[in-house]
Amino acid sequence: MTDDDKENLDKIIQKYEGKEGFLIQLLLDLQSELHWISQEAIKELSLKLKIPVSRIFRVASFYKAMNLSPVGRHSICVCMGTACQVRGAQRLLDATESKLGIKSGQTTPDHSFTLNRVNCLGCCAIGPVMIVDDDYHGRVDSKKAKLLLGQLASDS
Amino acid sequence: MARLASIQDLEILRDERERKRDPLRREVAICTGTGCLGLGARAVVSAFEREVELRGLQREICIKETGCPGFCEKGTLVVVSPPGIYYMGVQPDDVPEIVEETLCRGGLVGRLLYTDPVTGQKAVLEDDIPFYNHQMRFLIKNNIKINPKDICDYIALGGYAALSRVLSQMTSQDVIEEIKKSGLRGRGGGGFPTGKKWESTARAPGRSKYVIVNCDEGDPGAFMDRALMEGNPHSVLEGLIIGAYAVGAHSGYIYVRMEYPLAVENTKFALHQARDLGLLGKNILGSGLDFDVSVHRGAGAFVSGESTALMNALEGKVGEPRPKYVHTSTSGLWDRPSLLNNVETWANIPLIINRGSDWFSSIGTEKSKGTKIFSLVGKVNNTGLVEVPMGMSLADIIYKIGGGIPNGKKLKGVQTGGPSGGIIPARHLQTPVDFEELTGLGSMMGSGSIIVVDEDTCAVDLARYFVDFLCDESCGKCLPCREGLLRMREILDGIVSGQGREEDLQILKEVADLMRKTSLCALGRTAVNPVLSTLYYYPDEYAAHIIDKMCPSLACKALVSYYVEPNVCIGCGLCKKNCPQGAIEGEEGSISIIDQSRCTRCGICFDVCPPKARAITKVSGGLVRSKAKEGEKA
C-alpha cells in the first residue's frame, strides 16, 4: 500500500467511528477507493480496528462484490439473470470471453480488462445487458459487444 | 428549505407549490431509470437541454428526469405534458423534431407514438396504450411525474399526507388495525400477512426496535423494487415512517443491493431531503415522533435477501440465515425486535392509509388483496413492469398487456417466483395469479417476476440454469442445501450434455425431497421447485435428453450441431469469416461446410448467416448421436 492508500484508509475508518455493524460498508468504501482489497489492506484494517484478520477475510470473501485480487483498468460485466439468459446471455458471455481471451472472473494479463458475470442487474426488459465500466448497455448481442470492446481498446 | 414544524407547515408547502406552478409551462418528462439509461436516455436528456437552450425556451419548457414508468421495452420514454403525449424509443436525433413539432407548434411526431401492431392505430396518451390501459396502476403511476431527487414533486402529488393523517388522527394500534383489515400480504415472496407481522413487533417487549426496508432484490428477472426505490423513494420512506410509528421504532434501515447504484444514490438523496424538511429526525412534524433512517449497501449475495440473513449483513457480518425458531419480531437486528418488509409492501402503506383498508381489500382475490407489480420479461413483445390487481390471469398479462410472443413463436411456459419458483406450462395460462394459485401449480409468487419462455428455451436447461445459480448463491451453512444443489447440478449437467441415465430422474426427486424437508432456510427448501416443476410438466423433454440424446428445443449446446443446407447456401462466406475456430471450409462463391470436429457450437455462424439465405440450421439427435457412438467405440 502506498502512503496515499494508507491515508485513504484512515479517512474511511474515521467515517465509521462509533457506528455499529460498519465492516461491510467500510470494505465497500475501501474498494471504491483502491479498486480491490489486498491482504495488506486487510492486515492494516485488522490492526487499526482491532478485528481479527480471519473475521475481515471471512466477510470479504463471502460477498461477491469484493475483489480480493487486482482488477483491470476496464471492468466488463455480463448479466446472467433469467431474462437475459432466455434472450441469449450465455452466447454473449461466450463471445466476450473468446474476444478477451479470458474466462469470467479473470483479468487480462495486460490488466486492461476484468470480466465478470452478475446474477441480475434489474434491467430485465432490455436484456441481454452488459455494463462497460459504469455504463449500462441494453440489447447487446455478440456483434454489439465486439463493437463496445473495440471502442475501449482503441481509447486506451 | 425551511424545516416543517407541524402538519400545517406541510400543507402550506403543498399549497405554495401548487400556487407557484405555471399552468402554461410545459413539462418534458424523460425516464432516466436504469432501463432507459441502458438504451441511451442520458443522451436524450442532453439533447433536450441543448435544444431548449438553443431556442431560448427555458421559461416555457421544464425538463424533468423521472423514474421508470414500466414500459422499458420502448425506451427511451418521453412524456410531454400537458396533455401527456407519450413518445417511445426516442433517440437524441428525434429531439429537435419533438421540440419543433410538439412544443412549438402543438402537433405530434407520429412515428414516435405507440403503434398497434395489428391495427396500425396510433396511441397518443398513456391511457390509449394497451400496455397501460389493462393495468391498474397505483404504485408506479407516479414514477413518470416525479423527479426522485425532488421531494417537492412527491409532496405536490399528495405525498406525506398519509403520514400527517397517522400522526394527527391515529394511534399506533389504529394503524396496525387498518393494515390488518386491508389484508395486505408481504410482497417479497412469502406472502405473510403484513398487519400480523406489525402487531407482533409492536407487542414485543423492548425499547429499541428497528424497521427495515428489504431492497435486496436478488431474484433474477424481478426489478419492481428497483423501479420504486429509484423512481419514487419517498413513497417507500413514508410507509417506513408510518411503520416506525406503529411499532414504536426510532431507527430504520434501507438495505439496497449494490447492483442498483442509482437506487442507492436516489435513496440517500431522499433521506437527506426528508431530514432537511423535518420528516426525519427529532419531533417529526411536531408530533413527538423521533425517527431516522440509514442506507446500507448490500455486497452481492443473493442469500442476504432472506430476512434473517439480511439482519446479519446489517450487523456487518456474513449474510447467512439464522434458524427460524427465533422470530425476528422479538429478536432480530442486534437481538432487538425488528420489522422487515419488502419495498413494495412499504410503498403500499401510504395508499392504504389514504384510501382506506376497505378500498384496498376490494381489489384482488379472496386471500390476496390489492395490486401487485410484476416484471414481465423474456420472450414477450411488451416487456416491462406491469401493475395489475391480484387474480388477473397469466394469459391476460401475457397477451393483453404483453402483446403476445414475438417472431411467431409458440409459448412454452412461464417461469414465476425467481429461482425458488417453478415453470408453469402453457396449458395453465388461465390461472389467476395470486399467492395460493401459483403455489398450487408448484411455483410461487416470489417477488413477482414473470419470465415468458418460448419453444427455443429448453426446460431441462432452464432447470439446470437455476440450480447452477443457486449453487453459486447457497451460503453453505447447512448441508442439505450446499451438497444437494451440487449433486443436482452434477446430474443436470450430465443430462444436458447427453450423459444422462434413466435412474437420474429418481435420484433428482430423492435429493429434492430431502432438501425440501431439511434445509435451514427458504433458499434451500424452495431451490428444488425449478427441478420438480420441470420434471412434472416436461417429462418428455427429460426423456428426449436421456434416451434419445437430443434437445427438442435445440438449446443444449452439447446436443446440437450446426449444419449448412447446401441447396440454400449463397456462398457469401460470412460464416467462414466470423467463425472464431476456423471450423468452416469453402471459398467465397462456393458452399460452406462446417467441420464438426472443430466446431465449438458458439452459434456465431447461425447469427451472421444473412436472413435472405438462412442456410445454417441447428440439428439435434442425428449428427450428434453418430458422434457419441464413435466416442463410445474409442
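**Exercise 1. Determine how far apart the centres of domain 1 and domain 2 of chain A lie.**

Solution. Begin with the bounds: chain A comprises domain 1 (3-62) and domain 2 (74-155), where bounds come from an automatic or database domain assignment. Next, take the centres over C-alpha atoms; the separation between domain 1 of chain A and domain 2 of chain A is 29 Å.

The model is predicted: local features need pLDDT of at least 70, side-chain atom pairs count only at pLDDT 80 or more, and totals for chains, interfaces and linings use all residues. Residues are numbered from 1 along each chain as its sequence is written, while chains are lettered from A and ligands numbered from 1 in the order in which they are written.

**Exercise 2. Describe the domains and overall dimensions of chain B.**

Solution. First, list the domains of chain B: domain 1 (21-126), domain 2 (151-360), domain 3 (371-457), domain 4 (460-546) and domain 5 (557-633). The centres of domain 3 of chain B and domain 5 of chain B, over C-alpha atoms, are separated by 35 Å. Second, consider the extent: the C-alpha trace of chain B spans about 85 × 65 × 40 Å along its principal axes. Third, note the secondary structure, 26 helices and 19 strands in chain B; these are DSSP runs, helices being H or I of at least four residues and strands E of at least two, numbered from the N terminus. Finally, chain B has a radius of gyration of 27 Å, close to the 26 Å given by the globule rule for 634 residues, so chain B is as compact as a globular protein of that length. The radius is taken over C-alpha atoms, and the rule is 2.2 Å times the number of residues to the power 0.38.

**Exercise 3. Characterise the packing of helix 8 against helix 9 in chain B.**

Solution. Start with the geometry: helix 8 (residues 172-182) of chain B and helix 9 (residues 194-203) of chain B pack at about 155°, their axes 7 Å apart. Helix 8 of chain B is therefore roughly antiparallel to helix 9 of chain B (angles over 145 degrees; axes are lines fitted to C-alpha atoms over the stretch in contact, and angles run from 0 to 180 degrees between N-to-C directions). Then identify the contacts (C-beta atoms, placed from the backbone, within 7 Å): B:Ser172, B:Ile176, B:Ile179 and B:Lys180 of helix 8 meet residues of helix 9 including B:Trp198, B:Glu199 and B:Ala202.

**Exercise 4. State how many residues each chain takes to the contact.**

Solution. Chain B provides 46 residues and chain A provides 36 residues. On the side of chain B that touches chain A, helix 2 of chain B gives the largest share, four residues.

Methods: Angles under 35 degrees count as roughly parallel, over 145 as roughly antiparallel, 65 to 115 as roughly perpendicular and the rest as oblique. Two residues are in contact if their C-beta atoms, placed from the backbone, lie within 7 Å.
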